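Please read them with the structure open.

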Amino acid sequence: MASFIVLVIFLILAITAPWISPMNPYDSHNIDIMNSEIPPMWMEGGSPEFILGTDNMGRDMLSTMFYGLRTSIIIGIGAVSLQAFIGIVLGLSAGYMGGKTDAILMRIADIQFSFPYLMVAIFIGAVFQLLFGVGSYERLAIPLLTLIIGLSNWPMFARTIRASVMGEKNKEYVEAARVIGLPRFTIMFRHVLPNSLTSVMVIFTIQVASAIQSEAALSFLGLGMPVTRPSLGSLIRAGQEYIFSGSWWITIFPGLWLVVFVLVINLLGDWLRDVLNPKLYKG
Amino acid sequence: MFAFIIRRIIQAVVVMMVISLVGFSIKSKIGDPVRDLVGERVTPEERAQIADKMGLNDPFLIQYTRFVKQALKGDLGRSFIYNKPALEVIVRHAPATLELLIGTALIIIFVSLPLGIQSALQPRSLLSRFTMSFSTLGVSMPVFLTAILLIYLFAVNLQILPSYGRGETVDLFGNGYWKTGFLTHDGRMHLILPCLSLSSIMLPLFIRLIRSEMMEVLETEYIKYAWAKGLSPARIWMVHAFKNTLLPVITVFGVQMGITFAFTILTELVFQWQGMGFIFLEAVERSDISLLIAYLVVVAGVFVLVNTVVDIIYGFINPTIRIAGTR
């Protein structure tokens, strides 16, 4: 329950970022390079104007973290929605139609599943970056990242939904719907799908956590959000080299911020899984 | 069984064909083989001539067939940043990555086994509670952050371990291909931090897995029987229970090492480790398409090969898999 409250706080911070952050890190008028690498307030040389200090470009850490969280959440939820959409359409078709459709779709899912999804995401990201050029890639970063992470991890949903559709499709209500002559499409989406959605809910939360981590990883590799519009991953990337000069806060604060956020989602996901599906629970 | 093996091999070949087709499409769309060969200081006329001679104006299918034929001979194009055949660049950097994976596997085995068994035998002890909560935290920690924290702690603050590179290496076979860091003190010191960060992602998973498998086994009838026979606890735990925990753990271990491979890209970037992931990022940054595609083909090839072999071995062990694949 505590994790739920913390998650709500995180979400509120992300949504209200433009109003509550001390400064707008996207606006270059607010940024003064003379303010760069100021340590957090409580350390020597810190100033109360910048509670958690500033980064190498003179931006307030706290504000960049609020805005970064916002970007990470937008991409994370967007990407998982895309994964769920592809997964539901394909998994539902495979599970309900069976036969050749099932064999082909699930083979494709199996094959993609045999490669680590992070690897797939990194590769698609690399190709997109070369295809669009670094400039336009950075402009389109949010939709592109959503697409990349969405494409890289859909088999998880497809498999889950297929398994529960297989269980549902021979029940009496589906039989009844078939007997009164409803079209297949209607039965699939109006009757079977709503009853198979619990399993999607169970993995949705965990998938958001992993999508946010993928986004951070891509941004850290330089295949994600540019430093001018940072997500948490690109903040960590930007601050990485400054730990050698002792300015640890540039990278450690966004890092811890990301860890706590992902940890909270994971805890919530574990809890949801236990509540919605006690049978799945194991150690 | 024979039909199963054939089917599995055909599938592997089809996957490789699809991957090479994807790779080749990318290459023909954004690659520039003329530049790869002669660099950028040639006139447009000379370029056109070379392009014609290299057959770059041929139909797509002919070019693709040529690409596959050359790939089968081990020619995956030339990397212009290294000015060497792309495959050779990858092969030369592979041992560095492999050593990271070996080091990581060693850490996982020697840490997760004792901790997992301990927390299964005494689930309420302080140590196992600490292990379990720590492993929840570990799952949520991105590997690059672990790496940065480790560098900050051990290299910047305490200054007891090096922060980047491979250190002193020894040429293993005397032909310059496999330079190992395991044989020198300096090389081993350089391995510690990258391997620690890599193993941090998998450790929580393995400790949990070993714990839950072991606890399940401990509840079975034959363990109760062993207790009733009056065997010593050590023998029941280590010989009877542990041996049967091992099979699922080994299975997952194989899969997870594949996933760990994806994370080496991140680790190699943080530690400036000259492995395959590092040259991949270099290829992306400087748009060396040939190297990028060679990387795709090699990595996909290794994955497909390993998966196929594992599946076939499973087919021998567990006959139900052979039937499930038929449909």
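1. In chain B, the contact between helix 9 and helix 10 involves B:Ile223, B:Ala226 and B:Trp227 on the helix 9 side, and B:Ile236, B:His240 and B:Ala241 on the helix 10 side. By class, this contact has 5 nonpolar residues, 1 polar and no charged. As with everything below, this is read from a predicted model.

2. The geometry of that pair is as follows. Helix 9 of chain B covers residues 221-229 and helix 10 of chain B covers residues 233-270; their axes lie 11 Å apart, at an angle of about 150°. An angle over 145 degrees counts as roughly antiparallel, and helix 9 of chain B and helix 10 of chain B are therefore roughly antiparallel to each other. The crossing of helix 9 of chain B with helix 10 of chain B is right-handed.

3. A helix pair in chain A can be set beside this. Helix 1 of chain A (residues 2-15) and helix 3 of chain A (residues 61-97) cross at roughly 105°, and their axes come within 8 Å. Helix 1 of chain A is therefore roughly perpendicular to helix 3 of chain A, because the range for that class is 65 to 115 degrees.

4. The residues that meet in this chain A pair are A:Phe10, A:Leu13 and A:Ala14 from helix 1, and A:Phe66, A:Leu69, A:Arg70 and A:Ile73 from helix 3. The contact of helix 1 of chain A with helix 3 of chain A divides into 6 nonpolar residues, no polar and 1 charged.

5. For chain A as a whole, there are 11 helices and 0 strands. Along the sequence the pattern reads α-α-α-α-α-α-α-α-α-α-α. Chain A has 283 residues, of which 45% count as buried. Of the contacts in chain A between residues at least 6 apart in sequence, 68% join residues at least 24 apart.

6. Which helices of chain A each supply at least two residues of the side that touches chain B? Between the chains, 33 residues of chain A are in contact with 35 residues of chain B. The helices of chain A in question are helix 4 (99-113), helix 5 (117-139), helix 9 (184-220), helix 10 (232-240) and helix 11 (249-276). Helix 5 of chain A gives the largest share of that side, 9 residues.

7. On composition, the side of chain A that touches chain B has 24 nonpolar residues, 8 polar and 1 charged.

Key
Residues are numbered from 1 along each chain as its sequence is written. Chains are lettered from A and ligands numbered from 1 in the order in which they are written. This is a predicted model: local features need pLDDT of at least 70, side-chain atom pairs count only at pLDDT 80 or more; totals for chains, interfaces and linings use all residues. Two residues are in contact if their C-beta atoms, placed from the backbone, lie within 7 Å. Helices (H or I, at least four residues) and strands (E, at least two) are DSSP runs, numbered from the N terminus. Ala, Val, Leu, Ile, Met, Phe, Trp, Tyr, Cys and Pro count as nonpolar, Asp, Glu, Lys and Arg as charged, and the others, Gly among them, as polar. Axes are lines fitted to C-alpha atoms, for helices over the stretch in contact, and angles run from 0 to 180 degrees between N-to-C directions. Angles under 35 degrees count as roughly parallel, over 145 as roughly antiparallel, 65 to 115 as roughly perpendicular and the rest as oblique. A crossing is left-handed if the near helix is turned anticlockwise from the far one by less than a right angle, and right-handed if clockwise. A residue is buried if 20 or more other C-beta atoms lie within 10 Å of its own, exposed if 12 or fewer, and partly exposed in between; C-beta atoms are placed from the backbone.
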